[in-house]
Amino acid sequence: MQPILSARHIRKAYGAFIALKDISFDIPRGERHALIGPNGAGKSTFIACIAGQLPGVEGEMIFKGENILALPPARLAKRGIGRTFQISRAFLHMSVLENMMAAYVIASGKWASLSGRVYAEKIDRAHAMLETVGLAERSRDTVADLSLGDRKRLEFGMALAADPDLLLLDEPTAGMSIKERHFLMEMVAERVDATGKTLIFVEHDIDVVMKIARRVTVMVRGAILAQGSPEDIKANDEVQAVYLGG
Ligand code: ADP
Ligand code: MG
């Protein structure tokens with residue numbers, strides 16, 4: 001089967017510093033793929049390359065058969081790439097429902113011409129998505145008042161509003177308790193599978209990686225150190241030496 005995403009010789013420098021050296025790999029459609037590695041390995045940079053957010057990226061990023069490297073983020077969103085950020089980007093002083101609504105309106109690309117009927121339909125969809133991500137009871141709350149876990153649920157729901165084929169989640173569980181991490185990522189995995197999406201996520205908790213990922217890429221200093229099933233990665237001596245500290 002043709003991979004949904006194929007990175008070929010991706011290279012990215014920030015000035016004289018080379019953050020991605022020569023990254024090549026394929027992601028099959030429907031895969032849940034974890035990107036792991038120590039801080040500074042280049043994980044967020046690679047996610048930003050896929051999402052079209054960085055200038056001066058070399059190589060080829062083939063998404064659904066097309067090289068997307070020169071396309072701006074808005075065009076990539078239209079083609080089916082969605083993402084969340086390591087740092088929250090929800091509107092803190094708006095309610096949960098308003099944020100979810102905003103995500104649907106932005107995804108539609110038609111905020112200047114929303115009719116009453118379409119507006120009502122977006123509200124329905126926003127409510128349904130809040131139900132899906134377990135936030136129905138919090139819809140009137142201000143985002144600033146949400147727990148970290150609930151905020152991550154909201155951001156995930158907002159990313160789903162555009163119905164992307166490929167979802168990029170950069171450290172969705174950062175700062176959460178162990179229980180919250182598993183709770184969130186089980187919901188993410190269930191949604192990804194139920195809707196036939198492909199997932200790439202950055203995650204530090206190796207137990208979450210073991211449970212959620214079908215395949216894992218380990219990055220170190222801008223290069224790929226290893227790639228394989230979670231079991232292979234956990235048993236890999238080189239990975240243990242540099243990453244797991246074993
Ligand atoms: P990770 O997400 O794996 O922790 P990053 O992709 O954020 O790694 O960063 C990779 C390397 O690139 C780090 O050494 C970081 O300091 C550097 N870096 C990231 N963003 C910039 C930037 N805008 N300018 C200069 N260096 C950067
Ligand atoms: Mg990062």
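Good morning. I begin with helix α4, whose buried residues are Lys-122, Ala-126, Met-129 and Leu-130. These four residues cover an arc of only 100 degrees around the axis, and therefore they lie on the same side of α4. The arc is taken from the directions that run from the helix axis to the C-beta atoms. A residue counts as buried if 20 or more other C-beta atoms lie within 10 Å of its own, as exposed if 12 or fewer do, and as partly exposed in between, with C-beta atoms placed from the backbone.

Before I continue, please note that this is a predicted model, in which local features need pLDDT of at least 70 and side-chain atom pairs count only at pLDDT 80 or more, while totals for chains, interfaces and linings use all residues. Residues are numbered from 1 along each chain as its sequence is written, and chains are lettered from A and ligands numbered from 1 in the order in which they are written.

What covers the buried residues of α4? The cover includes α3 (96–108) and α5 (148–160), where contact requires C-beta atoms, placed from the backbone, within 7 Å. On the other side of α4, the exposed residues are Gly-116, Arg-117, Ala-120, Asp-124 and Ala-128. Helix α4 spans residues 116–132, has 17 residues and reaches 24 Å from its first C-alpha to its last, close to the 24 Å expected at 1.5 Å a residue; that expected span is 1.5 Å times one less than the number of residues. Helices (H or I, at least four residues) and strands (E, at least two) are DSSP runs, numbered from the N terminus. After α4 comes Gly-134, with a positive phi near 80 degrees.

I turn now to the sheet. Its 4 strands follow the order β2-β1-β4-β5, and the sheet is open with antiparallel pairing. At the edges are β2 (17–28) and β5 (66–67), each of which pairs on one side only. Pairing requires at least two bridges found by DSSP between two strands. Strand β4 (residues 57–63) is joined to β5 over 2 bridges in the antiparallel sense, and Phe-63 stands opposite Glu-66 in β5.

Finally, the backbone angles. Most residues other than glycine have a negative phi. His-9, in strand β1 (residues 3–14), has a positive phi of about 50 degrees although it is not a glycine. Is His-9 buried or exposed? His-9 is exposed, because 12 other C-beta atoms lie within 10 Å. Lys-64, in the loop between β4 and β5, also has a positive phi, near 50 degrees. With 16 other C-beta atoms within 10 Å, Lys-64 is partly exposed. Thank you.

Methods: Two residues are in contact if their C-beta atoms, placed from the backbone, lie within 7 Å.
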